[in-house]
Amino acid sequence: MKFSFDRDAMIKEIAIAQEIITNKSPISILSNVLLTAADNTLTIKASDTSVNYITQLPVDIAEEGSTTIFCDKFMSILSSSPAGEIEFDQQDIKVTIKPVAKKIKFQLKSIASEKFAEIPQANDVPFFEVSSKDVKEMIQQTIFAVSNDVNRYFMTGVYFTKKENKFAMVSTDARRLSYAEKEIDASINFEPAIVPTKILKCILKNAPDEGNIQLAIVDKLIFVRFGSYEFSSKLLEGQFPNYQKVIPESQAHSFQVNKADLEAALKRIEIMVDKKVNRILFNLTEGTLKLTSPESELGTADEEIPCRYAGEEITIALNSSYVSDPLKNIKTEEVVFEFTEAMKAVTIRPEPAEDYFHIVMPMNTN
């Protein structure tokens, strides 16, 4: 196999392959990318056996063929080479890589392409189109709330579902829940699925902000297409919790604060928070929100910020991360907290309300 390619174009594609590959052993096929040159096109494939990546790149082919090479070392060679044309020449198990602009050549050992794992193909799969911007926004609003508990593997991904003409994503770790939805063509149908975060991170990082992406959920797999890229991933098995029971039908009280004020105050109060507990007290009186870190061996801190609240005094204890994580993703200047009583679910949403919200279960105030 022999072909030449543009260095910068190749770096872009191999960088994505690096995101997929988790095995870093140079003698493992799982650390390699599969390169197939045919019809002046180079097909690049990478896999960690759960998440897969396929893309194509125009190249000048002198001799067609297929091989695999160690992805990390290939990327290092590309990164150290000058911009411009690079020649790739494979003979038996030896691959020679030569930047045209420099009198230097690199040689890598390859592994036969026949040993590369079979990647699922999206042949005759019923794709549907959705706004790329919408999907990325929904992922941003939910991905941080998934569980890290491997014993609850069915909560370590984001739940995709459809309700009438709404496409919804839900995540939970049993102590908080994030929900986002967007309108979708009512004729689109797919089975509910729990999607691993790794492929969602690939979408967030690489999908365009404009235009549509294609999705397909079938046979315990999800396929994602945009531009020249195709990603696929195994879905997580198991029964996702009945999230609708967690969402309050109504809440009696609420307070509104400036998001920037609250974020700044949380950052200061967190200096004195016990990291093992991560608890901050939210004390509400008319017009004022007082944040307090419960006294620890190191000391304590408190700060008052203005808020819109006209009810009776109440103190609610919340995990500071469970408040700051949603705030990072809320786009409005004002934020509303809705609640009924100190030990029942608190809803955090933008003001004015949009198509996403976050629910946090309070902690014990003592």
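Predicted model: local features only at pLDDT ≥ 70, side-chain atom pairs only at ≥ 80, totals over all residues.
- Although Asn40 is not a glycine, its phi is positive, at about 55°.
- One of the bridges links Ala38 to Thr41, the latter being its partner in S3.

**The sheet**

- S2 and S3 belong to an open sheet of eight strands, which follow the order S6-S2-S3-S4-S17-S16-S15-S10 with antiparallel pairing.
- Strand S6 (65–70) and strand S10 (128–131) are the edge strands, each of them pairing on one side only.
- From one strand to the next, the twist averages 20°.

**Helices packed on the sheet**

- Helix H1 (residues 7–20) packs on the sheet and touches S2, S3, strand S4 (51–58) and strand S17 (229–234), with a direction that makes about 175° with that of S4.
- Helix H4 also packs on the sheet, where the strands touched are S4, strand S15 (212–218), strand S16 (221–226) and S17, and the direction of H4 makes about 160° with that of S17.

**H1 against H4**

- The axes of H1 and H4 are 10 Å apart, and the two helices pack at an angle of about 155°, which means that H1 is roughly antiparallel to H4, since angles over 145 degrees are counted in that class.
- The crossing of H1 and H4 is right-handed.
- On the H1 side the contact is made by Ile16, Glu19 and Ile20, which meet Lys198, Cys202, Lys205 and Asn206 in H4.
- Sorted by class, the residues in the contact of H1 with H4 are three nonpolar, one polar and three charged.

**H3 against H4**

- Helix H3 (residues 132–142) and helix H4 (residues 197–206) have axes that come within 10 Å and cross at roughly 130°, so the two helices are oblique to each other.
- In this pair, H3 passes H4 in a left-handed crossing.
- Val135, Lys136, Ile139 and Gln140 in H3 meet Leu200, Ile203 and Leu204 in H4.
- By class, the contact of H3 with H4 comprises five nonpolar residues, one polar residue and one charged residue.

**Other backbone features**

- Glu164, in the loop between strand S11 (157–163) and strand S12 (166–172), likewise has a positive phi of about 55° although it is not a glycine.
- Glu351 and Pro352 are joined by a cis peptide bond, for which omega is about 5°.
- Pro352 is found in the loop between strand S24 (346–351) and strand S25 (356–360).

Methods
Residues numbered from 1 in each chain as written. Heavy atoms only, no water. Axes fitted to C-alpha atoms, helices over the stretch in contact; angles between N-to-C directions. Helix = DSSP H or I, 4+ residues; strand = E, 2+ residues; numbered from the N terminus. Parallel < 35°, antiparallel > 145°, perpendicular 65-115°, else oblique. Left-handed = near helix turned anticlockwise from the far one by under 90°. Contact = heavy atoms within 4.5 Å. Nonpolar A, V, L, I, M, F, W, Y, C, P; charged D, E, K, R; others polar. Pairing = 2+ DSSP bridges.
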